[in-house]
Amino acid sequence: MPLLEIRNVTRRFGDFVAVDNISLSIESGEFFTLLGPSGCGKTTILRMIAGFDLPDAGQILLDGQDLAGTPPEKRPVRTVFQSYALFPHMTVAQNVAFPLKMARCSADETRQRLGEALEQVHLTDKAPAYPHELSGGQKQRVALARGLVNRPSILLLDEPLGALDAKLREEMQIELINLQRDVGVTFIFVTHAQVEALALSHRIAVMREGRVEQVDEPARLYAFPKSRFVADFIGHINLLDAQVLEATHGHLRLTIAGLGEMIAPPLAGAAPGGKGTFAIRPEQVRIGIHGEVTELKNHFPGEVTHFLYRGDVTVYKVRLANGMMIEALLPNSAPGGAELFKVGDPVRVGWRHDAGVFLHE
Amino acid sequence: MRRGPWLWAAALAVYAFLYVPLAIVVVYSFNDSRLNAEWVGFTWHWYDVLLHDEDMLAAAGNSLFIALVSSLSATALGTMAGMAMHRYGMRVLAFMVLTPVAMPEILLGVSLLLFFIQVLNLTLGMISIMIAHITFSIGFVAVIVRARLAGIDESIFEAARDLGASPWETFRYITFPLILPGVIAGGLMAFTLSIDDFVITFFTAGVGVATLPLRIYSMIKIAVTPEVNAVSTLLLLTLTMIVLASRFAPDVLRGKT
């Protein structure tokens with residue numbers, strides 16, 4: 001039995017359907033992420049799990065028990081808010097001990113658990129400080145300690161890294177992964193930052209306009225998006241309008257208007273004449289003049305139009321014969337050799353026959 | 001920024017306009033003369049007269065008692081009104097609570113008088129004065145409490161519930177401590193409004209009960225005696241002490257956390 005089951009949940013605000021008949025099940029100990037652009041309903045789901053909002057239809061079950069009649073304070077679910085929501089008139093220790101006080105823990109137990117929780121987030125020396133004396137990262141850790149101190153079944157995290165700067169965010173990502181592994185509590189994480197979702201999660205649900213588009217492990221989501229939206233939302237990707245010429249169980253033969261034919265990996269349900277999009281990641285696109293590129297099954301002529309040096313990689317933007325733009329990404333592993341091609345150079349771009357995915361319309 | 005001499009002059013003029021009359025009142029309360037015309041010499045005489053003026057002492061006692069009861073009641077009711085206005089965005093409630101703040105005092109005085117006599121059939125006295133004072137103080141407390149709440153991140157209250165606090169515990173441990181500076185400020189405001197109110201009190205006092213402002217008014221109808229200066233000085237001292245107390249209160253009570 002899954003720890004948390006969301007069954008056909010719908011939530012409307014007036015005419016706006018924030019959550020549209022969503023079903024999800026989340027296993028115990030999982031780091032599960034709800035990923036999507038703002039307004040996709042991910043925060044509404046979080047608020048319904050926490051009990052701040054109720055579904056208009058459907059059920060939310062925890063350990064098989066419907067949560068409908070349970071107020072927020074009675075749910076074994078804790079939330080880390082985007083704003084951290086620390087109590088400004090209480091010290092770090094009082095903040096973290098608050099759930100223990102509400103649960104009427106004995107003084108001994110409170111002292112012990114408070115000590116453990118503060119140690120877990122490396123804030124033992126900040127116990128007597130007030131929230132306004134802390135940095136963003138420290139506030140974040142207080143909020144985490146406060147959420148975990150009472151050993152909830154689920155910790156909900158609402159864009160908790162949103163307010164941190166890039167460097168600190170990366171550090172906190174690693175801390176979050178370690179913390180989740182150590183405490184073994186199920187994390188449900190809400191974010192619009194796909195990089196964060198990929199780095200942290202065991203599984204990700206990609207949401208769009210109140211619906212779940214795809215639920216998968218990060219690597220599968222990245223490699224095998226099931227829709228154009230998911231392909232485009234997760235990472236960078238080249239999208240080419242294509243039509244199926246031939247479909248066998250070994251491969252797909254596609255035609256791209258103004259460009260020619262190409263071979264793609266097979267797709268169940270694809271039939272000749274079917275229209276869709278061929279999606280390929282920039283790092284799967286090879287770029288060259290002759291040699292290695294022309295030995296690939298799929299290669300097309302083009303011209304370099306942009307050149308973006310990013311330090312670790314260089315991105316080339318190439319205009320194909322039909323006017324479409326395609327991005328190729330080359331790692332700069334050899335020092336000093338970043339600019340292999342110049343703007344205006346005629347080149348060929350190609351990719352392996354088993355790279356990329358065809359997406360039905 | 002460069003501050004020219006004209007700016008200083010203007011500032012000085014404004015301060016003089018505000019404080020010279022007060023200073024004169026205080027100085028002449030120590031004047032050993034029946035008239036406020038010229039300085040004769042220093043004396044405590046008028047304070048001695050004041051302390052033996054039974055009517056004046058009774059009026060002061062009434063004023064303090066009314067101010068205390070009405071400010072405490074208005075603080076409790078105004079805090080609830082402020083919270084309701086904030087939480088439910090109640091436009092109608094806000095309008096109704098705030099109207100007495102904006103309404104001309106004379107209008108409020110007359111309408112309360114008619115209400116007490118014709119509708120409630122109440123004998124005018126302490127009770128009617130208190131009800132009147134509570135009526136016009138609630139709005140001030142509510143506005144201050146609501147402003148205080150508006151400055152607090154809403155998710156703090158949700159966090160409290162989320163961490164296991166019942167609605168009552170959320171109020172007791174989170175909401176109340178956070179709005180306390182506003183509640184105290186509103187209470188002090190209600191107290192000072194009540195203790196120096198004249199117009200509304202005049203209409204709702206009836207005969208027999210006098211507050212300090214009413215008593216002072218009836219005295220200066222005859223002549224401005226130095227005794228009035230003395231009582232004014234004491235009133236000024238009391239209110240200054242209230243202001244200073246709120247200025248130097250612990251940080252927690254002033255919302256500086």
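In this predicted model, helix H4 of chain A, residues 136-148, has 13 residues and reaches 19 Å from its first C-alpha to its last. That span is close to the 18 Å expected at 1.5 Å a residue.

Elsewhere in chain A, four strands form an open sheet in the order S2-S1-S4-S5, with antiparallel pairing. Strand S2 (16-26) and strand S5 (65-66) are the edge strands of this sheet, each pairing on one side only. Strand S1 (residues 4-13) of chain A is joined to S2(A) by seven bridges, and the two run antiparallel. Within that pairing, A:Phe13 stands opposite A:Phe16 in S2(A). Helix H1 of chain A, residues 42-50, lies across S1, S2 and strand S4 (57-62), and runs at about 65 degrees to S2(A).

Further along chain A, strand S16 (residues 298-309) is joined to two other strands. Six bridges connect S16(A) to strand S19 (residues 346-351) of chain A, in an antiparallel arrangement; here A:Phe300 has A:Val349 in S19(A) as its bridge partner. Strand S17 (residues 313-320) of chain A also runs antiparallel to S16(A), this time with seven bridges, and A:Glu303 is partnered by A:Arg319 in S17(A). S16(A) and S17(A) make a hairpin with three residues between the strands, in which A:Gly311 takes a positive phi near 90 degrees.

Turning to chain B, the secondary structure comes to 12 helices and zero strands. The C-alpha trace of chain B spans about 70 × 65 × 30 Å along its principal axes, and 35% of its 257 residues are buried. Of the contacts in chain B with a separation of 6 or more, 77% are accounted for by residues 24 or more positions apart.

One helix pair in chain B can be followed residue by residue. Two packed helices are described by the angle between their axes and the distance between the axes. For H8(B) and helix H11 (residues 226-247) of chain B, the angle is about 175 degrees and the axes are 11 Å apart. Because that angle is over 145 degrees, H8(B) is roughly antiparallel to H11(B). From H8(B), the residues B:Ile184, B:Ala185, B:Leu188 and B:Thr192 meet B:Leu239, B:Ile242 and B:Ser246 in H11(B). By class, this contact has five nonpolar, two polar and no charged residues.

Finally, there is the contact between the two chains, which takes 17 residues from chain B and 19 residues from chain A. On the side of chain B that touches chain A, helix H7 (155-162) and helix H8 (167-195) of chain B each supply at least two residues. H7(B) gives the most to this side, with six residues. The residues that chain B brings to the contact divide into eight nonpolar, four polar and five charged.

Methods:
Residues numbered from 1 in each chain as written. Chains lettered and ligands numbered in written order. Predicted model: local features only at pLDDT ≥ 70, side-chain atom pairs only at ≥ 80, totals over all residues. Pairing = 2+ DSSP bridges. Contact = placed C-beta atoms within 7 Å. Nonpolar A, V, L, I, M, F, W, Y, C, P; charged D, E, K, R; others polar. Axes fitted to C-alpha atoms, helices over the stretch in contact; angles between N-to-C directions. Parallel < 35°, antiparallel > 145°, perpendicular 65-115°, else oblique. Buried ≥ 20, exposed ≤ 12 C-beta atoms within 10 Å, placed from the backbone. Expected span 1.5 Å × (residues − 1).
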